[in-house]
Amino acid sequence: MPSFKDPKRLSLMAAIMGSFVVGLDATVVNVALPSISADLGGGLAGQQWVSNAYLLALGSLILIGGSLGDVLGERRVFAIGVAGFGIVSMVCALAPSIEVLIAGRALQGVFGALLTPSALAVIVSTFPPDERGAAIGSWTAWSGIATVIGPLCGGYLIDATSWRWIFAINVPFVLITLMLVAVAVPKRGRETRDVPIDWTGAVLCALGLAGPVFALIRQPALGWGSPGVWVPALLGLSLFATFLWWESRTPYPMLPLELFRRRNFAVGNAQTFAMYGGLGITFFFLVLFLQQVAGYDALQAGLATLPSTIVMFTLSKRAGRWADRYGPRLFMGLGPLVAAAGLVLMQRIGARPDYWTDVFPALFVFSLGLSATVAPLTATVLADADEQNAGIASGVNNAVARVAALIAVAALGAVVSASFSSSIDGTLGDRPLSPQSQAAVESAKERTLATIDVSALPAAERAAVAQSVQDASVDAFHLGMGLSAILVACGGILGLVGIVNPRRRVRCEDCSGGQLVAAPLDAVRLPEREAPTAA
């Protein structure tokens, strides 16, 4: 446990705890939606917007949050984000109506957008380059833990007390985080960078991201052909293009476009898009398949993915440290290829899988590759930006990851759904079915991955309908995992081809016999005149 004599470790703990609370709330709310609806009403639309208001605000404003951290100081913006998140959590806990709760969730997204990129910027400002990989690995591992603890703790709190406690429980964590910030996080205020805030860019960015994010959130319910999807998508893309044009002209841009001329930053974000698109597809369809086809309940499906979190927690810090030592290129190249191999193994999963022989081996291999990739990937993207741009660099990387997952689930999800429907039509299309069976099949198509209750169907049709839907579900799941494997493998190829190991400089006093002993493989000697003189 870090002591108050170790400010770096305490700063890391503050960054972890702040991000942990955000991650916890992002997952715990889904478990609470039925209880919230029973208490406050609002129906299905109210349930959707309790979740979507947070995602929309966070996705739209995360670039702005990163930029403000660079301009005003990451310590200040991180503290504002943490404090605001705690205050709004109490608003959510005490919400008298569904409308107040939705507004509170939107404000949680606003403060989460300040908090999330600033947490990584705090790590960058606190740790020297040769220690950042391990620190970011620890941050990554604990962030992953939050996604697992959220549903488990939320389920317990809801059953034992009330859904309101899932928000109120944030307050002690927030207070401890603010104490750590006050004690340990170094100050770097606006006086170090007297740069005006790019308000025009901020508005264009927020509206430009809000349109596509809103469209992707609404697409599963409305479909691509709905004006409620393509109108905000096109409008948002137009505004985001205007934002990029503005950033290329203004003397003080919130997003310095020259960052994308840096090889590792550009390639790292392209790899982030591929990796997190694949991750979004994987966990969305895996949990769905286990519940709707394999017969797991919600808790069992959540526990089924627990090994992935355990592997990430165990190996992420080590992977970050090894990437600092040997360079990130091989980790960012081979790690995704190992993860893709795990996804290929999921092709063995059938309608009634044995967890330990079918699901676990594939998930374990996938998790090994993921653990080798995530911390080095994040550290490499941040390392290729100047420290004064750490916040916006983190914001870009976070925005890319979140948008990639939304796009992958929406776009590739439509492909998987079409495959499911086509498979059923291929096996049942020429067979005359009763109205009851036709209705059951159409209902199954709306859920994509499904099994159906055939007890009410004519006896002569039960076996054929049940088998057709089950086979279509398995085929659609395999297609989803195959597409995810392709995306993740593309990320690995990008890492191998595009990433360049940064050259490290080592002081001559650290060298023995003229050799760079115990130095990274790509280290270069610091000239003698730059070596420190003895006191």
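Guide: Leaving aside neighbours within four places in sequence, Ile123 is in contact with Leu12, Ala15, Arg132, Ala135, Ile136 and Trp139; contact here means heavy atoms within 4.5 Å. The model is a predicted one, in which local features need pLDDT of at least 70 and side-chain atom pairs count only at pLDDT 80 or more, whereas totals for chains, interfaces and linings use all residues. Residues are numbered from 1 along each chain as its sequence is written, and side-chain values use heavy atoms, with hydrogens and water left out.

Ile123 belongs to the largest nonpolar core, a set of 81 residues in which Ile123 and Leu101 touch the most other members. A nonpolar core is a set of buried Ala, Val, Leu, Ile, Met, Phe, Trp, Tyr and Cys residues joined through side-chain atoms within 4.5 Å. Buried means under 20% relative accessible area, exposed means over 50%, and partly exposed lies in between (1.4 Å probe, protein chains only). Helix H1 (residues 7-40) provides the largest share of this core, 14 residues. Helices are DSSP runs of H or I with at least four residues, strands are runs of E with at least two, and both are numbered from the N terminus. Apart from this core lies another, of 51 residues, including Ala304, Ala472, Ala476 and Ala485. In soluble globular proteins, nonpolar side chains tend to be buried together.

Beyond residues up to four places away in sequence, Ser473 touches Phe289, Val293, Phe420, Thr448, Leu449 and Ala450. Ser51 is located in helix H2 (residues 43-72); its relative accessible area is 16%, so Ser51 counts as buried. With neighbours within four places in sequence set aside, Ser51 is in contact with Asn30 and Arg105. Between Ser51 and Trp322, which are 271 residues apart along the chain, the C-alpha separation is 37 Å.

Further positions complete the local picture. Gly84 lies in helix H3 (residues 74-93) and is buried, because its relative accessible area is 8%. The C-alpha atoms of Gly84 and Pro7, 77 residues apart in sequence, are 24 Å apart in space. Helix H9 (residues 227-249) contains Leu244, which counts as partly exposed because its relative accessibility is 33%. From Leu244 to Cys205, 39 residues apart in sequence, the C-alpha distance is 8.5 Å. Ala233 is also found in helix H9; not counting residues up to four places away in sequence, Ala233 touches Gly211, Pro212 and Ala215. Ala233 and Ala206 are 27 residues apart along the chain, with 13 Å between their C-alpha atoms.

These local views belong to a protein with 17 helices and 2 strands. Of its 535 residues, 53% count as buried. Among the contacts with a separation of 6 or more, 80% are between residues 24 or more positions apart. The radius of gyration is 24 Å, which agrees with the value near 24 Å for a compact globule of 535 residues; the radius is taken over C-alpha atoms, and the globule rule is 2.2 Å times the number of residues to the power 0.38. Along the principal axes, the C-alpha atoms fill a box of roughly 90 × 55 × 50 Å.
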